[in-house]
Every structure is written in structure tokens, then in C-alpha cells.
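Dear colleague,

Please find below the structure for your records. My notes on what was found in it follow directly after.

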Amino acid sequence: MIHLTIDGIPVEVEKGTTILQAAKQAGITIPTLCYIEDLLPDGSCRMCVVEVTNNGRSKIDTACTLQVSEGDEVQTMSEKVIDSRKKTLDLLLSDHNVHCFSCEANGDCKLQDLCFEYGLEETSYEGEMTSLPKDESNKFFSYDPSLCILCHRCVNTCTEIVGRAAIDTMERGFQSVIGAAPEKVWAEGTCESCGNCVQACPTGALSMKRRKKYRAYQVDKVVRTTCPHCATGCQMDLIVKDGKIVDVKGADGPSNRGLLCVKGRSGSFDFVDHKTRIRHPLIKNKETGEFEQATWDEALDLVASKFSEIKTNYGGDALAGFACSRSTNEDIYMLQKMVRAAFGSNNTDNCARV
Amino acid sequence: MKITSIEALKQHRKKVQEAVNAYTCRILVCSGNGCMATGAQKIYDELSRLTADMMQVEVEMQKDLPHVGTLKTGCQGICEYGPLVRIEPYDYQYVKVQVEDCKEIIEETVKNGRPVTRLFHKDGEEVYEHPMDIPFLKKQTRIVLENCGNIDAESIDEYIAAGGFSALAKAIGEMTPEEVVDEVDKSGLRGRGGGGFPAGRKWKQVLRQEEKERYIVCNGDEGDPGAFMDGSVMEGDPYKLIEGMLIAGYAVSAENGYIYVRAEYPLSVKRLKHAMAQLEEYGLLGENILGSGFNFHLHLNRGAGAFVCGEGSALTASIEGKRGMPRVKPPRTVEKGLWEKPTVLNNVETYANVPKIILKGADWFRTIGTEGSPGTKTFSITGAIANTGLIEVPMGTTLREIIYDIGGGLKGDAKFKGVQIGGPSGGCLVDKHLDQPLDFDSVKKFNAIMGSGGLVVMDENTCMVEVARFFMGFTQRESCGKCGPCRIGTKRMLEILEKIVDGKGRMEDLDKLKETADFVRARSLCGLGKSAPLPVISTLDTFRDEYIEHIQEKKCRAHVCKALKNYVIDPDKCKGCTKCARNCPVNAISGNKKEAHVIDTAKCIKCGNCMNNCSFDAISIQ
């Protein structure tokens with residue numbers, strides 16, 4: 001075991017632990033922009049620098065890459081560290097479109113939070129800013145290079161976690177931009193639109209198109225639920241504003257570890273408030289041929305009587321029950337129970353074959 | 001034909017040596033890049049055509065006529081005077097040879113042994129007959145380049161005749177892998193790619209790894225503007241590089257090697273491919289090399305022209321087919337390099353040093369160079385120097401010896417201003433450094449790096465602010481875009497430098513420039529970013545007065561920065577001939593015939609047409 005102190009707090013960790021991990025154990029937060037837990041550190045954002053003194057020698061290095069040594073005295077908020085972080089933010093800000101008022105990520109942006117924390121109102125640099133147009137080619141989300149800080153969280157998520165490797169850094173130097181080969185256009189690559197890159201983005205550079213307008217601080221509540229699609233059972237958080245679902249985010253469940261697929265992320269809540277959604281039982285008027293609103297009792301009585309009629313006239317095997325895959329296991333169980341026990345038939349199935 | 005044992009190699013060497021000795025006359029045409037550019041291929045073709053008959057005659061009918069071989073060699077060194085032709089056994093060195101000279105060379109020298117005096121290199125009254133008389137070559141110590149220019153770069157037999165692969169035979173036949181690593185470690189050989197990390201220590205670390213699948217990788221992605229040392233070795237003596245890699249493979253028990261060559265070196269690629277095919281044919285690459293049970297396969301990868309791929313982790317990523325971007329360390333390349341396996345990564349020159357070390361021993365190697373940096377270093381000297389070219393000198397040679405004794409001083413005897421060492425990642429050495437011995441450690445102290453050894457000599461006509469701007473433009477374009485300090489920091493520095501050379505700089509820009517340079521140097525992720533600000537830092541340190549002149553006086557003393565040039569007509573000298581006005585593309589010059597003319601500086605686009613056309617020397621830059 002290695003012994004060190006972080007901001008004066010003694011910490012004991014295993015050899016090979018990084019300072020960032022050790023600080024987490026000690027309950028100390030070091031700011032990061034590019035870091036993704038469980039992955040080899042990208043080390044590109046340079047925000048997590050700390051000052052480490054050992055044997056009278058001190059150096060500033062990134063906490064995500066630096067492994068602990070016996071006797072390290074780590075300072076996470078020394079004057080030099082703060083100065084370095086400010087300069088890092090200053091450079092990032094010099095190539096960032098700061099029209100935060102119109103940005104969807106306003107209030108939910110790590111760059112904004114850090115600039116606020118370190119007292120940076122504007123950049124001290126003059127100069128060119130990325131002028132590439134917004135990429136709207138993907139049906140589900142858009143990419144705005146003028147908001148991108150090239151932290152590569154999206155690329156690392158897509159390549160290392162999702163395993164799709166649909167996007168990468170394109171071009172070089174100041175022209176660097178995220179995109180898909182060959183011509184940078186997202187839709188022309190192998191992207192499956194799962195949107196995990198969007199969730200990984202710390203700024204507003206990647207944004208879901210179907211996201212309804214809301215600010216992070218306007219959210220009434222977050223409801224943890226299970227994705228209604230397939231049997232993987234991904235956990236997701238429904239974001240609710242004014243009593244309506246406005247967004248969904250992958251939650252850290254045992255089967256999905258924060259990820260979602262394109263159906264879970266982009267096809268699992270729009271129907272809730274859709275204008276064509278049927279909200280009451282409807283019975284067709286034989287005279288007019290139009291559906292008319294009915295009570296549940298009326299509707300259920302009608303269906304039950306028709307089922308009984310068929311069973312009496314043609315036998316139980318003339319009936320079948322087919323459950324929707326979006327139903328819960330309990331509901332589906334009850335349906336097959338009804339088919340077998342009440343209909344007296346084994347004709348039952350479910351479409352959960354995604 | 002396979003050479004299946006060390007004994008068979010010896011036999012073959014004897015045979016090819018006899019064949020080489022059978023030539024009564026050898027014509028060596030330099031086919032290094034410089035000479036190829038000035039027409040060496042035509043010279044070679046012409047000489048081959050002229051000697052073809054003679055060979056035929058010799059072989060078939062008249063045994064008394066000379067047996068002539070025309071060879072394409074690697075760089076003979078004095079690139080400034082190409083195309084170069086050397087004739088053995090007379091050891092005549094001909095320079096600036098033209099196609100028309102070939103016939104005379106054949107008639108006079110080849111047939112009759114008489115020199116063609118007018119083709120010798122001349123410096124004032126001095127005429128140099130033999131290559132080793134020329135100061136440029138005389139003062140060098142050639143280990144890495146020993147065969148360059150002396151053997152046919154496309155003939156494995158010539159390499160074998162010159163003693164090639166005897167180091168490999170010695171390593172395989174007489175030494176254990178550990179002994180090979182120890183010998184390299186003891187020699188103190190340091191990586192010639194720039195950082196100067198001890199090669200032996202690197203090999204030892206790889207040998208220690210538990211993982212048994214290991215790789216040998218050669219960095220031949222020489223990307224510095226003005227550097228062509230590694231290219232010259234790959235073109236001139238590809239066998240030596242491969243022998244070094246084979247020895248490394250044996251030493252650390254690696255079965256696969258990769259050479260990463262920049263695609264801009266088509267000749268290197270061609271020669272290496274050719275050499276690899278020959279080695280495979282001889283069984284010196286492949287399974288059971290020299291009957292020892294040692295297997296080694298070599299692969300060639302072409303880089304796509306990214307400077308950052310000279311960085312170790314970006315290079316291995318590129319070989320793996322990924323975007324060439326550096327990653328953070330640890331894990332280091334010796335632990336998890338190519339395909340996440342332990343990897344020895346050295347550059348061309350480092351591997352090319354290895355055969356001689358194995359053959360002659362670490363103690364011999366340590367007699368050359370300095371205590372901390374044994375051996376020699378190749379440099380390519382370019383820029384405002386009389387003799388541009390490729391040189392190899394012992395470590396610890398001073399800049400003065402390189403520039404004045406070997407390089408022949410500055411072109412046109414101009415005043416020396418500085419030397420950019422280590423390319424865009426390096427720094428600028430000036431007057432006060434002229435007598436300092438150059439080695440890995442000393443150069444670092446001067447805020448520069450040895451780099452791979454590019455030396456760009458600058459005279460008083462060089463604007464140092466513009467030099468800093470040029471290099472910053474280069475590194476900015478070549479930044480991989482991963483970390484902010486390098487991607488954005490170099491851009492902001494470039495913008496400030498552009499402002500200054502445009503005459504729009506302010507004094508506070510200098511502080512911002514220095515602050516940004518220090519930050520980028522300290523906080524960048526990889527070596528490219530960390531060293532990118534060095535040209536700015538070193539010129540700001542040494543030539544701060546030039547920066548201030550640009551800002552305060554709007555003056556560029558070297559008259560390089562276009563925006564700061566002011567063309568002025570001397571009314572006393574102007575005869576009113578109107579030639580300048582007629583040649584001005586923007587009608588900025590006015591005046592009546594036979595009266596002094598005036599330039600409207602607001603309209604002037606500083607093209608210099610007027611000055612070039614003035615017959616009375618009346619126009620000057622102020």
C-alpha cells in the first residue's frame with residue numbers, strides 16, 4: 001500500500017492508483033472535463049492538474065494520469081494549480097461560442113460551471129474561432145463545432161464503451177473537429193444514433209433534437225424507470241418538467257451502466273404525450289361508424305361478452321392472446337394466464353424479439 | 001539462394017568480395033535525394049549506356065579491357081555540389097557532373113586512368129582530387145554513414161562484401177540475448193531521435209517484461225523541415241538499419257519488426273522494400289535465421305505525413321491503423337507499445353549504430369564522442385551555409401567546427417546570426433553557443449533540443465520573428481488536436497506572431513506571447529506540444545530587441561517582413577526614366593518624365609518590382 005496526503009488528509013491506496021482515484025477515495029473532488037471512469041485516461045483537457053511535492057521536489061501534473069508514490073503530498077487547490085486551471089479554461093473559452101443564453105446546455109454545462117467556479121468571465125485572447133457549420137445530418141442529434149472543446153468524451157464513449165468507433169477527431173491543429181470518416185459528416189459513418197456521445201458531452205456541442213426545451217434548473221423531478229423496449233432492462237431517468245416528460249437519460253443500472261440504445265433514448269417517451277394517443281376506452285357506434293368515448297366498465301363488458309360468445313360458438317382455440325413487448329412481465333404473465341385459464345387456449349405469444 | 005548458417009555467410013562474403021575486387025574500375029554515382037533532384041538518374045543512365053559495351057566486350061571477347069561496374073550509391077555527403085560521381089580505384093571525386101561530361105569521364109578516367117581536372121571540387125585556388133581531401137568530408141567521423149556513398153544501396157552482396165551482417169552473426173553465434181543488451185547498454189548509445197534516452201536501458205526494460213510477444217519498431221518518420229539524416233541512411237544503407245533491427249530483435253526475443261517510413265520518402269520506401277526482399281531471399285529475414293532458430297519478420301509501414309506520428313505512441317497507433325494521436329503514459333511503450341505488447345522503439349540512426357557496437361564493442365564506441373553522449377551524430381546542415389549537406393561528427397563537436405570547418409562558413413561570407421537545431425521543436429543557438437560542445441545534455445541547457453539533428457543556418461538576412469512565426473505555423477498545423485494547450489495555445493501564439501510581423505503588434509503582446517509559450521510548454525500532453533513553443537521562447541530570449549523593433553519602430557532589420565518594408569526612391573539617384581512606374585502593378589508610383597518619382601506607400605503592395613527594375617539603383621528598402 002502507498003501512503004500519501006491529499007490536501008493534508010492522509011490516504012492509503014494500492015500501488016498503481018492514480019491521484020484522481022485516490023482523491024475520490026478521500027472524498028475530494030478534482031475537476032475534470034475529459035475523464036471517463038474505467039477507461040484509460042484521455043489526459044487531454046488538462047483540468048485535473050494538481051501540485052505534488054515529494055522529497056522536496058514539487059511538480060504540477062494531471063491527476064488522472066499520475067500514479068501515487070509513497071510520501072506524495074498532493075495539493076489540489078494550490079495557487080499554481082488554480083492558475084494553471086484558469087489558463088486552461090482561458091484557452092478553451094477563446095475558441096468557444098459563448099452565447100450561453102441561447103444554448104440548450106445553459107445551466108447544464110461543465111465548461112460554464114468551471115468558468116464560474118474559477119471566476120472566468122471571458123477569455124483574455126483575441127483571435128479566430130472555429131467557424132465550421134453545425135452538423136445536422138444525424139436524425140436524432142446535432143453537433144455544433146463552435147461549442148465543442150474537443151475533450152473526446154464522445155469519441156472515447158463511442159469507441160471504447162459502445163464499441164462502434166463511428167466517430168473520431170478529424171483534421172489537425174486548430175482545424176480539429178469531431179466527425180465520421182470520410183468527410184466528417186456524422187450521418188455518413190457507421191453511427192447507429194444511440195446518442196451515448198450526446199450524454200457524454202460536457203457542453204452543448206452535442207444535443208438531442210427531440211429534446212423538448214428545458215433548462216436543467218427547471219426540472220420538477222427525475223423518475224428512474226426501466227426502458228420499455230427489450231428485455232435488457234436498461235435503467236433510465238425520465239426528466240419531468242411541468243408534469244411532462246421532456247427528456248430521458250441513461251441511468252447507471254446493472255445491465256446498462258449508463259448507456260442506452262437508439263430506441264431507449266429516442267423512442268421511449270414521445271408517445272406518452274402524443275396527440276393521437278388513446279386516453280379513454282372507445283366503442284364504435286354501429287349507426288355512425290365513429291368511435292365514441294365509453295367507460296371502462298362498458299368497454300370491458302363488451303369485450304368479455306364477445307370473447308364468451310366466440311368461446312361458446314367455436315371453442316377456446318378460436319381465441320388467442322398476443323402481448324405487446326412494451327408491457328411489463330407481470331402484465332404479460334396475467335395475459336397468458338387469462339388466455340389459458342379463461343379462454344381455455346394455449347394460443348398465446350409476445351412480440352419481445354428485439 | 002538461402003544462407004543457412006554463419007559459415008555459409010562467411011563463404012558467401014568471400015565470394016562477393018572476390019567479385020567486387022574483380023572490378024578494375026568502379027563508377028559510383030551518388031543517388032541520394034539531393035543528387036537525384038539535380039539529375040543523377042540521367043548521369044547514371046548515360047554512364048551505364050557508355051559502359052554497357054565495355055562490359056560486354058570484357059565478358060565475351062577481350063579480357064584485357066577494364067571490367068567496369070556502374071553503381072547507384074547512397075548520399076556521398078556534399079549535396080551542395082551534386083550530381084556527384086566517384087571513380088575507384090583512383091578515388092577521384094567529380095562534382096556537378098553533367099550528362100555531357102560522361103563521355104569524357106569514360107574516355108579519360110575509366111579507360112586511361114587520367115583525371116578530368118575541371119570536374120574536381122574547387123575552393124578558390126584549392127583543387128580537391130579525392131573526396132577525403134575535401135574539408136567537408138575530411139573532418140567527419142563516419143560510423144552510421146560509413147557505407148553511404150561507398151556501396152551500391154541496392155545490392156545486398158556489396159553490403160555483405162563490406163562486412164555486412166557479421167555483427168548479426170557475432171550476436172547470434174557468440175552472444176546470448178542478455179549479453180547483446182548489456183553490450184548496447186554499456187556502450188551508452190542514446191536514442192538519436194531527439195530525446196536521447198539510453199537505448200540499452202530501453203532494451204533491458206523490454207527484455208524484463210513478462211509478456212513474451214514483443215515488437216521492434218523503427219521510427220523513420222523524419223518530419224522536421226530541413227532534416228534528411230534518417231532518409232539518407234534508409235536510402236544509402238538500408239541493410240545496416242535492418243541488421244541493427246535484427247540484432248535488437250534477437251536481443252529482446254522479438255519476432256516481428258516494423259519500419260515506419262514517411263510516405264514523402266519514396267526512395268527510402270523503395271530501397272527498404274528492395275532490401276527486405278533480398279534479405280528474405282537470402283533467409284536473413286524469416287524463420288530460423290542463419291540456422292540459429294531465431295525468427296524475425298519485418299514489415300514496412302508508410303506514414304501519411306503527420307509530424308506528430310514521430311511521437312512514439314502516435315506512431316504505434318498509426319501502425320495499428322488508428323488516427324496518429326499520442327496517448328498518456330504510463331503505460332510506456334516498453335510495457336504496452338505496439339498492439340499493447342512490449343515494444344522497442346528507436347529511430348533509424350540508433351539502430352544503424354548497433355552493428356558496429358556489437359562488432360567492435362562498447363569500449364570502442366565510448367572512445368568516440370563525450371562521456372554522457374558517446375558515439376557520433378549525423379546532422380543535415382542547410383540554410384545560409386556554403387556547403388549544405390549530410391555530415392556525421394563525434395558528439396561534442398562544436399557548432400563552430402560544424403559551420404565553419406565542415407560547412408565552409410556562411411554563404412557569401414554573410415554574418416552568422418543563429419542556427420535552428422532540432423527543427424520546429426528545437427531552439428535557436430547563437431554566437432555565444434558557437435564554441436560549446438554539442439551533445440544531448442548541453443543542447444538542452446540552451447533551451448533547445450538535439451532533435452534528430454537538423455541544423456538550419458541563418459544569417460543576418462533572416463528575421464527571427466518571422467522564423468518563430470514560420471515554425472509556429474508548422475507546429476500549429478501539425479498539432480494532433482488532442483489537448484487544449486497545444487491545439488489552441490499554438491494558434492493563439494501564431495496569431496500574436498502574425499500581428500507582430502504585420503506591424504500591428506503591441507508591447508503587451510510580448511508578455512502574452514511569453515505567458516502562453518510557458519503554459520503550452522508546461523501543460524501540453526505530448527512532446528510535440530511541450531516543445532512547440534521552444535522557437536518562440538529562445539528567440540524571445542535572444543532576439544527580444546528584434547521583436548521590440550517590429551512593434552515600436554515598425555521595422556524589420558532583415559527586410560523580410562513584407563508589411564514592414566518601405567520602398568523609397570532616392571530623388572538624387574532617380575533619373576525619371578519611368579521604368580519603375582511602368583512596372584508597378586498597382587500604379588503606386590508617380591512622377592513626371594526626367595523628374596524624380598515618388599512611391600505612394602499607402603498604395604504600395606511591396607512586391608519589389610520597382611526595385612528589381614530600377615537601372616540606377618535609386619530604390620531601397622527602409
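Just after helix 3 of chain A, the backbone at A:Gly119 adopts a positive phi of about 70°. This concerns a predicted model, and every remark in this message should be read accordingly.

Helix 3 itself covers residues 110-117 of chain A, and its buried residues are A:Leu111, A:Gln112, A:Leu114 and A:Cys115. Viewed down the axis of helix 3 of chain A, these buried residues fall within an arc of 165°, so they line one face of the helix. On the other side of helix 3 of chain A, A:Phe116 and A:Glu117 are exposed. The partner against which the buried residues of helix 3 of chain A pack is helix 2 (79-94) of chain A.

Helix 2 of chain A also has a relation to the strands. It lies across strand 3 (49-54), strand 4 and strand 5 (73-75) of chain A, and runs at about 150° to strand 3 of chain A.

Chain A contains an open sheet of five strands in the order 2-1-5-3-4, with mixed pairing. Its edge strands are strand 2 (9-13) and strand 4 (57-62) of chain A, each of which pairs on one side only. On average, and with direction ignored, neighbouring strands of this sheet are turned by 30° against each other. Within the sheet, strand 1 (residues 2-6) of chain A and strand 2 of chain A are joined in the antiparallel sense over five bridges. Here A:Ile2 stands opposite A:Val13, which belongs to strand 2 of chain A.

I turn next to the contact between the chains. Chain A and chain B each contribute to it, with 24 residues from chain A and 24 residues from chain B. On the side of chain A that touches chain B, the elements giving two or more residues are helix 2 and strand 7 (168-170) of chain A. Helix 2 of chain A gives the most to that side, with six residues.

A:Glu292 is part of strand 14 (residues 291-293) of chain A. Why does A:Glu292 count as exposed? The cut-off for an exposed residue is 12 or fewer other C-beta atoms within 10 Å, and A:Glu292 counts as exposed because it has 11 C-beta neighbours inside 10 Å. Leaving aside residues up to four places away in sequence, A:Glu292 touches A:Leu282, A:Ile283 and A:Asn285. From A:Glu292 to A:Pro281 the C-alpha to C-alpha separation is 8.4 Å, with the two residues eleven apart in sequence.

For chain B, the domain assignment gives domain 1 (21-133), domain 2 (164-366), domain 3 (376-459), domain 4 (464-553) and domain 5 (565-621). The centres of domain 4 of chain B and domain 5 of chain B, taken over C-alpha atoms, are separated by 36 Å.

Chain B also holds a hairpin, formed by strand 9 and strand 10 of chain B with four residues between them. Strand 9 (residues 286-289) of chain B and strand 10 (residues 294-303) of chain B pair in the antiparallel sense over two bridges. B:Ile289 has B:Phe294, in strand 10 of chain B, as its bridge partner. In the turn of this hairpin, B:Leu290 has a positive phi of about 50°.

With kind regards

Definitions and conventions. Residues numbered from 1 in each chain as written. Chains lettered and ligands numbered in written order. Predicted model: local features only at pLDDT ≥ 70, side-chain atom pairs only at ≥ 80, totals over all residues. Domains from an automatic or database assignment. Buried ≥ 20, exposed ≤ 12 C-beta atoms within 10 Å, placed from the backbone. Contact = placed C-beta atoms within 7 Å. Arc of directions from axis to C-beta. Pairing = 2+ DSSP bridges. Axes fitted to C-alpha atoms, helices over the stretch in contact; angles between N-to-C directions.
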